[in-house]
Amino acid sequence: MSGPLLEVKGLRVEFPTRRGTLVAVDGISFSIAPGEVLGVVGESGAGKSLTGMAVIGLLEPPGRIAAGEIRLEGERIDQLPYEKMRRIRGRRIGAIFQDPLTSLNPLYTVGTQLIETIQTHLDLAPAEARARALALLREVGIPAPESRVDHYPHQFSGGMRQRVVIALALCAEPRLVIADEPTTALDVSIQAQIIQLLKRLARERGTAVMLITHDMGVIAETADRVAVMYAGRIAEIGPVREVIHAPRHPYTVGLMGSIPKVGAGVGKRHARLVQIEGAMPRLNAIPAGCAFNPRCPKRFERCLRERPGPLPAGSNLVACWLHVHG
Amino acid sequence: MRSALARIWDHDLAYSFRRSPITVAAAALTLVCVAGALAAPWIAPHDPFDVATLSLNDAFKPPMWVDGGDAAYPLGTDDQGRDVLSTIIYGARISLGVGVASVIFALCLGVSLGLVSGYVGGQVDAFLMRLADIQLSFPAILIALLVDGMARILLPADSHGEIAIPVLVFSIGFAGWVQYARTVRGSTLVEKNKEYVQAARVIGRHPFAIMLRHVLPNVMGPVLVIATIHVAVAIITEATLSFLGVGIPPTRPSLGTLIRVGNDFLFSGEWWITVFPGIALVVLVLSVNLLGDWLRDALNPKLR
Amino acid sequence: MAEAATQPLLRLEEVGRDFDVSRPWLNRVLEGDPRLLLRAVDGVSFEVRRGETLALVGESGCGKSTVARLIVGLYEPSRGRIVFDGVEITDPGARAETTRARRRMQMIFQDPYASLNPRWRVREVVAEPIRVLRLASSEAEIEARVAELLAQVGLAAEDGEKYPHEFSGGQRQRISIARALSGRPGFLVCDEPTSALDVSVQAQILNLMTELQEQLALTYLFISHNLAVVSHIADRIGVMYLGRLVELAPAEELFARPKHPYTRMLLDAVPDLAMSGKARTPVAGEVPNPLAPPAGCAFNPRCPHANDRCRSEPPALLPAGAAAVACHAVEEKRI
């Protein structure tokens, strides 16, 4: 298949408030190819969840898409009326959210929820839908699915629930899955299991995954490419190995340095963690020019005036004036 | 000073207030009622309880726009020659006074019991909440009647006139403490498990200090909403009790007493003696109620 | 005197805590349900030496937060003793001494949004321990001390006039640290203090805590579920699973030579930022229901080395080289 599965150009998400308009996502562009896992990483307030919500059309009013285009398999989806978007949601785009406890309706069995979703999007007889639900549960690693399909969500543990949520997201065979912090609420040993599951499913089904998280470790294990977001903008985007081992943007450098690591030569007696001074600016106080400039150890005059567009630097795209000469 | 005022004006609560014309009107009306009631001795055209100024010749005068009316008595007079407008102003004073006082009493009792119940938990909580449940199975009027009746039995007969108001305040307040206690208990249970309370325990503060200084300020929000609406309810309860004859005696009548007394003359044609106090009561209660409604919605974080 | 200096600051001896999670009495009687007892902490013993940072790690439900709360007195232990600075603080008869001893310990909590009273100004929050412990005699002294503390944690003196909601998560944790330090404690129990923070803010707070430890000669008990965080701050690490301590070792030893199968599994589960492409041993199963723990060693259903003894006899914490491990396989030298 030629061309990217998802293409986002110049996306801008705004929140009009009585004190002025807040720009939560400011002109970002990226694309995801079929079967690829794109990680969108950033700290709280960077706008990564809102980007995911904008793509799937679930922005809560008064938030709205103020500019830009979102194309799914070539067609524009950001301006579709509610009914059309509703049909795309679930069928062509699936979603996995952070909290498995609230993602599932506690009053219905897991089987009912799966079958309902399957029948909404695919024209299958109830028996076929049920067989499909069982196959999905087996695929996501739920042992003895025949006995568990009629259980309620509270009868599953956290990790199992998240697997059910993944099954729900995949049941209509979507081409794109948006996973918003899918492992944050889980223990680290379960996290590892879920990461493996997502990777395997993406590979086997050719589904594109937009993996939104604040955890670089999860990105390192799961993603093919990664976009680092800061204050509503993409600071750096490129292949995962490049961004993690050879970051170009000073924010990414600082971020990678501040992540505690386990391994040889690490420990209390060794160098302290790199820290970036200050904090991410609030939406109503984003600096002019490059949003990172007040905290950047390498800033110079141009950074204070002009906002850098994405510039090529090796195999990455970096929004930083240091790389204006590639 | 200027900036403090500006900040208050700009605050979300003030903004929501400004945006709702009904609320502004209700607040203005409440203010007028309260100010009028407080300033009764100065703004009432006559003193309706000064027996010396009364004259039976002035009795049963209709409102001034009706034939036979007198501009000196804009809303007419009652069977004893008292100016209805003045009796309404003084009556509103008593109604408001009793209403607010009983709410303050109910609030103090209910909030303290709710705090203790929620924070201490265990047997104390179980006991207090059972008490509350038992009380809730009785209608408030009945409880007020019961308390009032007991007071009449227990206290000497000749002091009934003077103690009518305190007894009424106590009985209406006692009938209404449960809603505060339950709300505060619920909020206390939530706050108790928050880490700032645990931090205070680790620092070594006494449980009473924690309840009073840490938990109480954080649970008072819903209490204010309940209290505002309760003022309206208390005024109506007092009016009902007075109408039934067990509230404020007619020597210093409240709006409810006025309505009762005037009721006797309704069907003989002197409608103004009961209707105007009735309208005054409705206006007072409605404006307080609307204010309480706004406050509840404005303070609800989920609606913002 | 020399003895006092080498004596550990804190010692836990076979401490246990049960929670009664039975259904309400009436339901139990009508439906014939048994009493349900949750053993949140079971037979935990360890020491914390002066000036060190001991970390307790484990996944949710392992009991590490309960241990923290038992130490500071938010819960009473069901079994065992806790000795702090020579004083047995779990002795119900020694109330006065216990209270005095407890003044030397403070706690920092996980949630920066719930650990400060939203209705109090920051200066009141930080001054509370000073007032309660009567460490200053005049308002001016208190004000000066509050300003000093705020500066120590990297905030400005003017920040004392603001309310907590005006600060970010990282700044609120700094305020919590300032509050904890204002009572001049020697011992800080830190319950996941950086888990709710962004990674760059976490780095700031961890660096701050390390600096303060050097400046003020503090001892930390650091609770966390994140092994990577703990590797940057701990001298010794204790690993907990289902209420029991399964391994206790110096930090370098734990990371270089993890002995208990659960520790190995935990280390393996940490995402590999270096992307060395190392093969991971498949992680099996999930944490069992704490109301019905497995017989014998709590980890046996998930352990690749479990034998019959593991399924019937709970292992004791025994020395193994520089570490202490509760594992039959390690004791029997099978792994």
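I began with chain A, where an open sheet of 8 strands runs in the order E6-E7-E8-E3-E9-E10-E12-E11 with mixed pairing; strands here are DSSP runs of type E of at least two residues, helices are runs of H or I of at least four, and both are numbered from the N terminus, while two strands pair if DSSP finds at least two bridges between them. I noted that this is a predicted model, in which local features need pLDDT of at least 70 and side-chain atom pairs count only at pLDDT 80 or more, whereas totals for chains, interfaces and linings use all residues. Residues are numbered from 1 along each chain as its sequence is written, and chains are lettered from A and ligands numbered from 1 in the order in which they are written.

I then looked up the edges of the chain A sheet, which are strand E6 (93-96) and strand E11 (311-313), each pairing on one side only. Within the sheet, E3 (residues 37-41) and E9 (residues 225-230) of chain A run parallel and are joined by 4 bridges, with Val40(A) opposite Ala227(A) in E9(A).

Next I turned to the interface, where 36 residues from chain A and 37 residues from chain C make the contact, two residues being in contact if their C-beta atoms, placed from the backbone, lie within 7 Å. On the side of chain A that touches chain C, H8(A) gives the largest share, 6 residues.

Last, I checked chain C, which is divided into domain 1 (1-104 + 192-271 + 288-335) and domain 2 (111-185), with bounds from an automatic or database domain assignment. The C-alpha centres of these two domains of chain C lie 29 Å apart.
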